[in-house]
Amino acid sequence: MKKFLTGLAGLVLLLLIAVVGLSWHPALADVEQAQQSSFSVEQINKGAILAGIGNCAACHTVKGGGEFAGGLAVVTPFGRIYSSNITPDPATGIGRWSQEAFKRALHEGVRQDGANLFPAFPYTYFAHIKDDDVAVLYAYFMTRPLIKSVSPKNTLPFPLNVRALQTVWKWLYFDKTPLLPDVTKSEEWNRGRYLAEGVAHCAACHTPRNSLGGERKNASYAGAAIDGWYSPALTSANPALVMWSETEIYAYLRYGKTQLHGVAIGPMAEVVHTGLAKATDADVHALATYFSDLNGATKIVQNALAINTIVAKVTAQSSQVSNLYSDHGAALYVAACASCHSNSAASMNLSRPELGFSSTLFAPNPDNFLQVILYGIGRKEGSSAMMMPGFDAALTNTDIVQMAAYLRRSRTTQPPWLNLENDIVAMRRAHQP
Ligand code: HEC
Ligand code: HEC
Ligand code: HEC
C-alpha cells in the first residue's frame with residue numbers, strides 16, 4: 001500500500017513537472033520605450049478603430065479612471081480577475097513590451113515574462129487577429145498617454161490562481177486552428193467572420209460555457225447568461241417574432257435600435273456605442289452579413305407585406321387588455337407601463353417602444369427584462385433621445401412576477417419563466433452597493 005501511494009505521489013509530481021515544463025514560455029526582453037514618431041498617423045488611426053471594435057476600453061478602463069489603465073474586475077465564477085494596465089507606462093504598463101511580446105499576448109495568452117494569462121482576457125479570439133492588425137494595435141497602444149497604475153490582486157483560490165496550470169486549460173479549450181477564408185462565401189461575409197471571431201469576440205458573450213469556462217462545443221452562439229444579463233442566441237434558435245435580417249442587425253449594431261427587436265441595453269449597449277461606434281459602415285455591414293447568414297435569415301425572403309401584417313397584428317393587441325379586474329399583472333401593466341408603451345394604430349409609433357417586439361420578453365432567460373424593469377434604460381443605452389424609468393422602488397417582487405407573467409403570456413408564445421422571484425431577489429442583491 002505504502003509503495004503504491006509513493007508511486008502515485010511520484011506520478012502526480014511527474015505530471016505536475018510535465019505541465020509546468022510544457023507551459024514554459026521564455027520571458028521576452030524589455031525594449032526601449034517606443035517613440036511616437038516610429039508609428040505613422042495612418043497606423044495609429046487604424047489601430048484606434050480596431051481597439052474600438054475589440055472594445056479594449058470596456059475591460060481595461062474603470063469608471064472614472066484613466067483610459068486603458070486597467071484595474072477593472074472581470075467577474076468569473078471562479079473569482080475576480082483584474083485587467084492589466086495596457087498604457088505604455090514603462091513600470092506599470094506595457095511600455096517596455098516589444099511588438100513580439102504584444103503579439104504573443106494576443107495570439108497565445110502569454111505575458112511578457114512568460115507566464116500564462118487567464119482567458120478572462122479574450123485571447124482565444126484575439127488569436128485570429130492578423131499580424132498587420134496586431135501591428136496597428138501595437139502602434140495605437142504605444143502612443144496612448146502613460147498612466148501609472150497597478151491593478152489589484154486577483155481573488156482566485158489556489159490552485160486556480162497558478163498560471164502554469166492554465167496550460168491544461170489551453171490544451172482543452174484553446175482552439176488554435178487558423179481562420180482560413182471560406183471561398184464559397186462573399187468577401188463581405190469573410191470580413192464579417194474575421195471581425196466577429198477575432199477582435200470583436202462576439203462569441204465571448206453569446207456562446208455558453210462549461211463548468212471550466214471553456215466554450216461549449218456544438219453550442220456556438222447559442223445564447224449565454226453573463227453577469228446579470230443574457231446574451232441571446234444569434235443562431236436560428238433566436239426566438240424573435242421576426243427573424244433578424246441583415247437590415248435589422250445592421251441597425252442594431254450601428255445605432256443600437258431597431259424597429260422589430262428593440263434596443264441594445266447593458267453590456268451590448270457598450271459594444272455598440274463605445275466599441276463598434278468607431279467601426280466603418282462597411283465593417284458593420286460585414287458583421288450583419290455574417291450573422292444574418294449564421295441564423296439563416298439570408299435564406300428566407302422576408303417581404304415587407306408579411307412584416308406589415310405581423311406589425312398590424314402586434315399593434316392591434318398592444319392596447320387590448322382583457323381580464324383587467326381579475327389579472328393583477330395586466331392591471332399593473334396598464335397603470336405603470338401602458339401610458340408609454342401601448343400602440344393602437346396599425347403601424348408602430350417608435351417613440352412608444354412596442355413590447356410585443358422586445359427581445360427581452362422573448363428570451364428564455366428573464367434577466368434583460370428584469371434589468372429594464374428594475375433599473376430602467378439610461379441615456380447611454382437604447383436610443384439616446386429616450387429614457388425609461390426604473391421601477392426598483394415602486395414595484396414589489398410579486399408585482400413584477402405577475403406583470404412579467406402577463407406580458408410573456410399575452411405577447412409571446414414562449415413558455416412562462418420559472419422561479420422568477422428568486423431571479424428578482426438575486427438581481428436586487430447584486431445591485432446593492
Ligand atoms: C473581456 C475583457 C477584456 C477585453 C475585451 C480585453 N481585455 Fe485585455 N485583459 C483582460 C484581463 C482580465 C487581463 C489580465 C489577464 C490576466 O491577468 O491573466 C488582460 C490582459 C491584457 C494584456 C496583458 C497585459 C499584461 O501586463 O499582462 C494585454 C496586452 C491586453 N490585455 C490587451 C488587450 C487589447 C489590445 C484588447 C482589445 C483588442 C483587450 N486587451 C481587450 C481583459 C480584457
Ligand atoms: C415614462 C415612459 C415609460 C414608462 C412608464 C415605462 N417605459 Fe418602458 N420604455 C420607455 C422607453 C422610452 C423605452 C426605450 C428606451 C430607449 O430606447 O432608450 C422603454 C423600453 C422598455 C423595454 C425595452 C424594450 C426593448 O427595446 O427591448 C422594456 C422591456 C420596457 N420598457 C418595459 C416596461 C415596463 C414593463 C413598464 C412598466 C413597469 C415600462 N416599461 C414603463 C418608456 C417607459
Ligand atoms: C460583453 C458581452 C457582449 C459582447 C462582446 C457582444 N454581445 Fe451582443 N449582446 C450582449 C447582451 C447582454 C445582449 C442582450 C442585450 C439587449 O437585449 O439589448 C446582446 C444582444 C445582441 C443582439 C440582439 C439579440 C436579440 O435577440 O435581441 C445582437 C444581434 C448581438 N448582441 C450581436 C452581437 C455581435 C455581432 C457582437 C460582436 C460584434 C456582440 N453581440 C458582442 C452581450 C454581448
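I looked up which element gives the most residues to the shell around ligand 2: α17 does, with 3. I noted that I am working from a predicted model.

Next I checked the make-up of the shell. I found 24 residues around ligand 2. By class, 17 are nonpolar, 6 are polar and 1 is charged. Cys-337, Cys-340, His-341, Ser-358 and Met-388 come nearest.

Then I went to the metal. Which residues coordinate the iron atom of ligand 2? I found His-341 through NE2 and Met-388 through SD, at 2.0 Å. I noted where the pair sits: His-341 is in helix α15, while Met-388 is in the loop between α17 and α18. The two are 47 residues apart, and the pair links distant parts of the chain.

I checked the geometry of the iron site.

An N or O atom in the side chain of His-341 is 2.7 Å from a nitrogen atom of the ligand. For Val-263, a backbone N or O atom lies 2.8 Å from a ligand 2 oxygen atom. For Ser-383, I found a polar side-chain atom 3.0 Å from an oxygen atom of ligand 2. I then listed the elements giving two or more residues to the shell: β6 (262–263), α15 (338–341), α17 (367–375) and α18 (397–411).

Terms used
Residues are numbered from 1 along each chain as its sequence is written. Chains are lettered from A and ligands numbered from 1 in the order in which they are written. This is a predicted model: local features need pLDDT of at least 70, side-chain atom pairs count only at pLDDT 80 or more; totals for chains, interfaces and linings use all residues. Side-chain values use heavy atoms; hydrogens and water are left out. A residue is near a molecule or strand if one of its heavy atoms lies within 4 Å of it. A polar contact is a pair of N or O atoms within 3.5 Å; within protein, one must be able to donate a hydrogen and the other to accept it, and residues adjacent in sequence count only if both atoms are side-chain atoms. Helices (H or I, at least four residues) and strands (E, at least two) are DSSP runs, numbered from the N terminus. Ala, Val, Leu, Ile, Met, Phe, Trp, Tyr, Cys and Pro count as nonpolar, Asp, Glu, Lys and Arg as charged, and the others, Gly among them, as polar. Donors are N, O and S atoms within 2.8 Å of the metal (3.2 Å for Na, K and Ca); water is not among the atoms, so sites may look incomplete.
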